[in-house]
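Here are my notes on the two-chain model you asked me to look over. Have the structure open while you read.

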Amino acid sequence: MKMVSFTAICLAAGIALCGCQNTVNSVENKDKVMQPQEVMSKKVSTDRFLRDRLKIIRIDKKVNEAGLLKVQVTALNARTGFFSELWSSLTGGKPYKVLYKFTWLDKDGMVIPTPSMNWLPMSVIPGDEVYFQAVAPNKNCQDFKLSLREYDND
Amino acid sequence: MKLRLIMMAAVIGIAGFMLAGCGTDPHRIDPSSNQGLTTVDDINFKDWQIAGEKCVKTMLDSGVLKRNDGRKTVIMISTVKNSTSQHVNTRLLTDRIRLAVLRSGQAITTTAVSGKGAEDNASRQVRKLADDEMFNKKTVVKQGTAIAPEMSLAGEIVQQKTKSGRTSESYFFIHMTLTDLKTGLAVWEDNVEIAKQAKKPWLGW
């Protein structure tokens with residue numbers, strides 16, 4: 001009897017906690033006009049938690065009017081659903097905060113130092129898509145790397 | 001009575017030692033990381049980095065710096081008005097933008113003129129050497145050779161403070177413009193918003 005009560009209380013608490021989390025509902029046009037230039041990507045994941053929570057959906061690129069490479073990495077906060085929401089309520093990941101940094105490379109693979117090689121914060125609400133955008137600092141930049149990590153103060 | 005005084009002194013002494021032990025030694029932090037203090041009333045260095053990154057990204061993406069004749073656009077750094085209650089050195093933002101602009105290879109900045117007079121007086125001073133007998137006249141920079149700026153970078157930082165109970169909030173609004181000095185038209189504009197909030201504990205400061 002005690003066990004049943006305990007389970008019921010835990011379940012009720014879980015539902016209550018889930019109710020505290022806001023997720024995103026979205027709507028968009030079905031027939032797309034855009035013709036993005038998708039980039040084949042190579043991912044290296046050392047943080048499995050981050051990989052499972054923030055899923056990289058696609059990478060697009062274009063050369064802007066000034067002749068500079070512009071890239072956009074689309075990611076989705078996949079922490080939706082009962083258990084994910086329960087877990088993120090318990091761990092305080094709402095909204096989920098990450099830090100990101102773009103590194104630019106020339107045609108020889110050398111890192112091009114930019115004045116903005118800093119970790120920058122980004123918040124992602126569960127169920128929402130985020131776009132990490134960057135413009136190459138100059139025309140020598142041919143390739144890029146996006147680094148992502150969970151938000152902390154270290 | 002004497003014993004009580006000694007006991008009190010000992011307790012205060014121990015408490016003092018314990019409190020002293022709570023501090024941390026001075027240490028270096030990595031400016032590119034997420035370390036650093038976050039305060040409500042100030043614009044911290046991470047805020048400047050975020051603001052600079054956004055401004056640089058939109059300016060380079062706008063294509064306004066590109067010229068059809070292949071020449072680089074000359075930009076002067078005008079004034080960034082500080083309309084906050086804090087002392088703010090706006091160079092923390094403008095220097096980041098000018099460095100990015102220079103490295104883009106599309107524009108160049110002048111130090112001979114700025115919103116508060118010349119940023120580097122040397123350009124004017126060396127021309128005065130023509131009257132100095134010490135110098136070879138042929139090596140002195142001639143008048144009429146300095147290149148005038150074509151665009152001007154300016155802006156304003158506004159702060160709004162709000163307080164409700166123990167919660168205080170600061171909202172900083174940074175507005176930057178790039179003006180074509182020939183026409184007076186703003187060819188690029190961008191805003192950066194920084195909002196911060198903190199709640200005081202029931203006890204303490």
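1. Leaving aside its neighbours within four places in sequence, which residues is B:T90 in contact with? The answer is B:V80 and B:I157, where contact means heavy atoms within 4.5 Å. B:T90 sits in the loop between β1 and α3 of chain B. With 15% relative accessibility, B:T90 counts as buried; the cut-offs are under 20% relative accessible area for buried, over 50% for exposed, and partly exposed in between (1.4 Å probe, protein chains only).

2. Some ground rules before going on. This is a predicted model, so local features need pLDDT of at least 70 and side-chain atom pairs count only at pLDDT 80 or more, while totals for chains, interfaces and linings use all residues. Residues are numbered from 1 along each chain as its sequence is written, chains are lettered from A and ligands numbered from 1 in the order in which they are written, and side-chain values use heavy atoms, with hydrogens and water left out.

3. Now the sheet in chain B. Five strands make an open, mixed sheet in the order β2-β1-β3-β4-β5. Strands here are DSSP runs of E (at least two residues), helices are runs of H or I (at least four), and both are numbered from the N terminus; two strands pair if DSSP finds at least two bridges between them. β2 (107-110) and β5 (185-199) of chain B are at the edges with a single partner strand each, so one side of each has no neighbour in the sheet.

4. Back to B:V80. Strand β1 (residues 73-83) and strand β3 (residues 151-164) of chain B pair in the parallel sense over seven bridges, and B:V80 stands opposite B:G155 in β3(B). Helix α3 (residues 91-104) of chain B packs on the sheet and touches β1, β2, β3 and β4 of chain B.

5. What about the interface? 26 residues of chain A are in contact with 21 residues of chain B. The two chains bury about 1,900 Å² between them, 52% of it on carbon and sulfur atoms; buried area is the accessible area (1.4 Å probe) that two parts lose on being put together, summed over both.

6. Look for the salt bridge too (a side-chain nitrogen of Lys or Arg within 4 Å of a carboxyl oxygen of Asp or Glu). The rule finds one across the interface of chain A and chain B. A:K70 forms a salt bridge with B:D61, and their closest N and O atoms are 2.6 Å apart.

Technical notes: Axes are lines fitted to C-alpha atoms, for helices over the stretch in contact, and angles run from 0 to 180 degrees between N-to-C directions.
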